[in-house]
Amino acid sequence: MATPRSVTLERLAYTLAAPVLAVTPNLYPDSPVNQVVQLAGAAGIGGWVLAAKSDEPGAGRKILRWTPLVAAAAIDVAAKNTVGWGPYGMDGLLAAGWAALGLLVLPYSRHTRRRHRPALAAPVPQPAPAEIPEPVAPAVPDDGADLLTCEVRMLWENAGMPGRTHVVKATRHPGQRHDMTILLRASETGRPITGLTEAAVAAPFAVPSSDVALSEVAIQPGRQGGPGWMEAHITPDANQRRRTKPTDQEKWTDRVASSKGGAPGSELVHTTRDNERGVAFYRAKMADPTDTPRIDLPKLCRALGLPEDDSRVFVLVEGAEFLISVFDTPPLSPKFPATRELLTPDAKGMYVCGFSITGQPVHNFVFQHDKNAAKHGLVLGVTRGGKTQFFAVTMVAESNAGQIVWLSSCFKDEKTTALGEYIDRQGITPLYMARQLRAAKALCQIRAEMPWAHDGKPHDYKPGDPRCPYKQLNVYADEFMTASQDPEYGEFIQADGDALTVMGLKYGIGFNPAGQSPFAHNGFSTEMKDNLRQNSRPVIFNMGSPGATRKAAEGTMENAYDVPTIPARYAPKEGSAIERAMAGEAEPENGVSTGGVAVVVLDNGRAVLMKALYVDFDDDLADLFPSEINRLTDYEISELTKLGLWFDWSEPEPRPGEFWPEPDEDDDGDGKPRRRGGGGKGGGRGSKSGRSAEPKVTSPRQALEAIKSLTDA
């Protein structure tokens, strides 16, 4: 095998240079040859340093290539500094060894030269491996797609065609850099798209899955639709703005209408602001008109960034729509003074009894024009809730309509006493209430037989008919619950109250009880309660809690859970309770009382929150009431007198035989009267309780006789 010429020349150079390295330092120490050799060695050292610092491959071979020059310089310096040829001719031996080493190193240094490898180092040719054909993607016909669609298809194919779908078209959203909508179809004709998720669409485009929305494709002329087609909306830019600066519509959709929002399944219709009244309105409706709104008002307020103040935020539901009203100040905190104009009924018996949260007037009636009958009244609320104030409002309206008013209560009250000066009859104690109800009950029978002047025959009461010979009578019973539980007269009060609610309307007599609980064990029998609800507009003041208010309104509405909440006090939230707790500061004052605020159940079963008109008892009430007091006719008074029911009902003791039968003459000498088995002249019934059936003890002798009768002594 032939030796390359370059190798032969390098070997010759090593052979000729070896004697020069041995002779020149010893014979010619100052010769320039020594300086040249030493400079060449210094250059070799520099080559070593550069090769060591270089990051390129082949540093070892570069160092090996510079080694002969460095070794030659070292031998030259050693020979120059030794005495003579050195011990044992060391200078000659080093030069000969250098030449021999160069002959061996030469092939390595030569091998490092690129593109000049010797033929002996050429690799043995190997047979080419068999080619494995790569899977070819199904050919997609060129449909003239734009650049964006082509780029999206490339990303989609690199992702493995998620959901086995093909990108038909990609459309950029106007004014957006990254937002787009891509139209997808199933790769196999006739197969529905299944298994495609938001995450699978988001991955090829490197966006969060929350920025992807999938939707169905409607069938359009020239394009198919159905389960084999789908649209993917990729909106990272729009969602970024939506998260930072959402519109009212976007807030509602994302935070309120979601499954965990304050009004699931709803849509915001519009928002308006009334600067004059200081209120903002949020009108919304259910996306499905057959759904009923399920509103969590505190959660809704938090979602929209609204105050959660129950005295400034109200909801009004009407079918599938509802209205959220957010006031700057509590709308029901001011007083609405009662006036003669507001409390004068119209031809249909309607008058203004208060104002709602939206500033609308709330009407009540003094008779039922559509039923051609009188009206009852149901007023409920805890102590100091505003019941007596509302009594004054209704009494003024009834008096202005030419009607008669009777009022009884269990306990003496400044307001009821003041009202007594402007109405027909007023009194205190359960005994007075029992007498009042007995007289009203007897008056039903009297009016049933009372002839009308135009034909001489009796007729049912007709409101507003000038031919009617009597006026409508409104019987008020304040603290009815307490009176009906009176041990002596409670049973008479409850029985006559039940009868009056059933038979009074057709004879122009309405019953208006007020209490703190509308249930049977508190005097309101089911029969009484049903008649009161169906023939009145129930007015429910604060019952102590929202749950108690809803329970009191049960049966008067289509949905008792739509009853508005009446707070204990109007106390707008100020600052942060957490920060006040950390700073040790006192909580703000309680605010303003909610007295006079009530829930009124209208004819359609819808509850409205209102503030009743305010009657100032410190002023003269003559400006509200008519100049003359309306009273019974002489005929009615004479008939009641014949029955022994028309007298001063304020007498402290019952008259003989008024409620119980007279004691038998033959009492076996024990002095025990017989009070069982029937009522007196007024149609009262005997008591079923032992306490009310036994004689009233007024002396020690009677007490002793009562003890003997109980012990059979």
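**Cavities, helices and buried side chains**

Mentor: Start with the largest cavity: helix H10 gives the largest share of its lining, three residues. Helices (H or I, at least four residues) and strands (E, at least two) are DSSP runs, numbered from the N terminus. This is a predicted model, so local features need pLDDT of at least 70 and side-chain atom pairs count only at pLDDT 80 or more, while totals for chains, interfaces and linings use all residues. Residues are numbered from 1 along each chain as its sequence is written, and side-chain values use heavy atoms, with hydrogens and water left out.

Trainee: How many cavities of 30 Å³ or more does the structure hold?

Mentor: Three. A cavity is a set of points, on a 1 Å grid over the protein atoms alone, where a 1.4 Å probe fits but cannot get out; lining residues have an atom within 4 Å of a point. Grid points are joined across faces, edges and corners, and the volume is the space filled by probe spheres set on the points.

Trainee: How much space lies in the largest cavity?

Mentor: About 90 Å³. It has 15 lining residues, and the closest to its centre are Asn 364, Lys 375, Gly 377, Phe 390 and Asn 512. Strand E10 (361-365) and helix H10 (387-400) each supply at least two lining residues.

Trainee: Back up a bit. How many helices and strands does the chain have?

Mentor: The protein chain has 20 helices and 20 strands. It has 713 residues, and 42% of them count as buried. Buried means under 20% relative accessible area, exposed over 50%, and partly exposed in between (1.4 Å probe, protein chains only).

Trainee: And what share of the contacts join residues at least 24 apart?

Mentor: 62%, among contacts between residues at least 6 apart in sequence. Contact means heavy atoms within 4.5 Å.

Trainee: Now helix H5. Which residues are buried there?

Mentor: Leu 148, Thr 149, Val 152, Arg 153 and Trp 156. Down the helix axis they fall within an arc of 135°, so they line one face of H5. The arc is that of the directions from the helix axis to the C-beta atoms.

Trainee: What's on the other side of H5?

Mentor: Leu 147, Met 154 and Asn 158, which are exposed there. The cover over the buried residues includes strand E1 (165-172), strand E2 (180-186) and helix H6 (198-205).

Trainee: Next, H9. What do its buried residues pack against?

Mentor: Helix H8 (248-256), strand E6 (279-286), strand E7 (313-318) and strand E8 (321-327). The buried residues of H9 (297-304) are Leu 297, Leu 300, Cys 301, Ala 303 and Leu 304. Their arc down the axis is within 160°, so they line one face of the helix. Gly 305 follows H9, with a positive phi near 70°.

Trainee: And H12, how many of its residues are buried?

Mentor: 16 of 19, so call H12 mostly covered.

Trainee: Let's do single residues. Is Glu 636 buried or exposed?

Mentor: Buried, at 0% relative accessibility. Glu 636 lies in helix H18 (634-642). A polar atom of its side chain lies 3.0 Å from the backbone nitrogen of Thr 633. A polar contact is a pair of N or O atoms within 3.5 Å; within protein, one must be able to donate a hydrogen and the other to accept it, and residues adjacent in sequence count only if both atoms are side-chain atoms.

Trainee: Which residues does Glu 636 touch, not counting those up to four places away in sequence?

Mentor: Leu 443, Ile 446, Arg 447, Met 450 and Tyr 470.

Trainee: Last one, Ser 356. Where does it lie?

Mentor: In strand E9 (350-356). Ser 356 is buried, at 7% relative accessible area. Its side chain makes a polar contact with the side chain of Thr 358 (3.1 Å). Leaving aside neighbours within four places in sequence, Ser 356 is in contact with Leu 332, Val 362, Val 608, Leu 609 and Met 610.

Terms used: 1 Å grid on protein atoms, 1.4 Å probe; cavity = no way out; pocket = protein on both sides within 12 Å on 5 of 7 lines; lining within 4 Å.
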